Amino acid sequence: NDNSTPAITTSAQDTTPPSSTSEDATDINLEGYAFVWVKPTHSATGRGNMAPDNETELGIQLTDIYNEIEDTYGCTIEINQTMGTDFENLMPAAVGGVKYADAICTRQSNWIPLAMMGGLRALDSQEMLDAGLDLYNEDVFNQIYTQMTEINGSIWGFDMSGVYDNIAMGHCYAFNKRIVEAAGYPAEVIFDAVRNGTWTYDFFLEIAHACVSDPGGDGLTYPVGDDVWGIALDGDGNEIWTNGTGPIIYQDGKYVANLTDPQIIKAMEFMAAVNGEGDLMVPEAHGSVPQRGDRRRIFYEGKAAFAGLYGGNFNDENTGLMEDDFGVVPFPKGPDTDKYIINMVDLDSSVIMTSNTDYAKTAVILNAIGAQVTDFDAYKELVLESFRGCEDSVDVLFNYAFPNAFMNIAKCSDEMHEIMRKQLYSDIYTKNMSVAQAAETYTGKIQAELDNIFRQ
């Protein structure tokens with residue numbers, strides 16, 4: 001039942017409504033309107049986050065872009081990086097009907113609960129489209145990440161990924177090209193397996209086992225010493241989505257916990273296998289050393305074949321430290337699907353609150369900013385650069401996994417993240433519970449939180 005994976009569709013691009021930004025939009029005078037967009041200090045990719053400045057190349061370019069828009073429309077633009085973006089910061093404004101800002105960039109664990117309590121404007125509502133928001137224009141808003149915010153049939157968030165703003169890619173497996181080649185699996189064999197549909201749980205584990213080296217014969221240890229681990233770090237629980245369905249599905253108009261589905265059981269068994277029995281890595285244990293950051297460093301230091309990484313790890317402070325070259329591939333797929341996936345763990349989208357009654361002015365300015373900054377090709381170039389120019393990595397991710405990318409619904413609230421990541425996934429990785437026990441233990445907890453958040 002592949003269809004239960006909440007894969008994005010791009011059909012909206014094919015049925016683009018006529019652009020509501022009229023040709024004489026530049027005749028609009030907003031009479032000194034003060035536009036405020038609240039953004040975190042840095043994007044998850046470690047780059048600047050739409051903030052203008054007078055020092056960096058991108059900051060100076062943004063200053064020029066904003067100045068031009070301010071002159072054209074008679075407004076001021078502020079990117080505010082001090083106001084909070086958490087649910088606790090936003091909820092009083094939602095409940096009290098007080099304007100917080102024109103737009104707020106925040107994680108789905110914050111904006112989904114807000115949307116479900118009536119605190120956000122649906123961006124595809126007639127009201128917003130009549131106000132002129134050019135929502136379906138791919139030159140103004142990134143269509144993939146924008147449409148990924150669809151919940152209960154409405155689009156709640158927008159994205160302008162490009163050079164100036166960029167959402168962090170979801171989890172995938174990075175691999176050390178030197179280590180896999182030495183074990184008899186050169187990088188092109190791995191990339192071709194993705195393209196040929198043979199990048200499976202079994203093939204991934206086969207390569208990981210083949211890469212293990214224990215010259216001292218004393219088992220894999222930490223600190224690593226002369227050993228080479230097969231896998232430094234798991235995929236942060238996201239392997240659970242790799243067998244054609246997910247732990248949470250949308251069925252008959254409601255969100256449903258799906259842990260007992262046989263396809264999910266197989267995905268959870270794969271998660272347990274990734275941590276092995278001491279034969280692939282020093283297995284994860286509750287509160288154990290090495291911790292996740294230590295495990296990533298093991299990979300960066302060239303002492304492990306594979307590591308589960310996400311977009312925020314591909315930068316100068318992380319993979320930039322590697323002497324070896326690396327490749328990046330989607331998670332292997334389970335036996336019941338022909339699709340590779342990317343689960344966008346942290347979808348930091350920008351939303352418009354119901355308490356913003358100036359939304360028509362907000363729309364004019366967002367259209368103008370988006371038209372200058374949104375650029376999917378430039379975003380791909382940034383990803384290519386962060387992968388050290390490895391075109392095969394970009395090819396397999398964007399052409400084989402990205403069409404099936406979706407927002408991580410398991411982060412629909414902070415409480416759900418606690419249940420899924422800190423409890424369920426952890427209990428599987430550490431083998432604190434069998435897969436069957438975990439499915440039985442957590443189904444009710446997950447369903448209760450789904451019912452609570454989505455008011456079903």
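**Aromatic core and overall fold**

Author: Tyr-173 counts as buried, because its relative accessibility is 0%; buried means under 20% relative accessible area, exposed over 50% and partly exposed in between, with a 1.4 Å probe and protein chains only. This is a predicted model, in which local features need pLDDT of at least 70, side-chain atom pairs count only at pLDDT 80 or more, and totals for chains, interfaces and linings use all residues. Residues are numbered from 1 along each chain as its sequence is written, and side-chain values use heavy atoms, with hydrogens and water left out.

Reader: Is Phe-306 buried or exposed?

Author: The relative accessibility of Phe-306 is 0%. Phe-306 therefore counts as buried.

Reader: The rings of Trp-199 and Phe-306 form a pair of which kind?

Author: Rings of Phe, Tyr and Trp (its six-membered ring) pair if their centres lie within 6.5 Å; planes under 30 degrees apart count as stacked, over 60 as edge-to-face and the rest as tilted. The centres of Trp-199 and Phe-306 are 6.3 Å apart and their planes stand at 35°, so the pair is tilted.

Reader: What is the angle between the ring planes of Tyr-173 and Phe-306, and how many residues lie between the parts that the pair ties together?

Author: The structure holds 27 aromatic pairs. Tyr-173 and Phe-306 form one that is edge-to-face, with 6.4 Å centre to centre and planes at 80°. Tyr-173 lies in strand E6 (residues 172–176) and Phe-306 in strand E10 (residues 304–309), so the pair ties together parts that are 133 residues apart in sequence.

Reader: Which elements do the buried residues of H11 pack against?

Author: Helix H11 (residues 292–300) has as its buried residues Asp-294, Arg-295, Ile-298, Phe-299 and Tyr-300. Gly-302, with a positive phi near 80°, follows H11. The buried residues of H11 pack against E6, strand E7 (229–231), E10 and strand E11 (326–329).

Reader: How far apart in space are Tyr-429 and Val-274?

Author: Tyr-429 belongs to helix H15 (residues 414–429) and counts as buried, because its relative accessibility is 1%. Contact means heavy atoms within 4.5 Å; residues that Tyr-429 touches include Asp-234, Asn-238, Met-271 and Arg-421. Tyr-429 and Val-274 are 155 residues apart in sequence, and their C-alpha to C-alpha distance is 7.9 Å.

Reader: What is the radius of gyration of the protein?

Author: The radius of gyration is taken over C-alpha atoms, and the globule rule is 2.2 Å times the number of residues to the power 0.38. For 456 residues a compact globule would come near 23 Å, and the protein agrees, having 23 Å.

Reader: What share of the residues counts as buried?

Author: The protein has 16 helices and 14 strands, and its C-alpha atoms fill a box of roughly 75 × 50 × 40 Å along the principal axes. Of its 456 residues, the share that counts as buried is 58%.

Key
Helices (H or I, at least four residues) and strands (E, at least two) are DSSP runs, numbered from the N terminus. Lists of a residue's contacts leave out its neighbours within four places in sequence.
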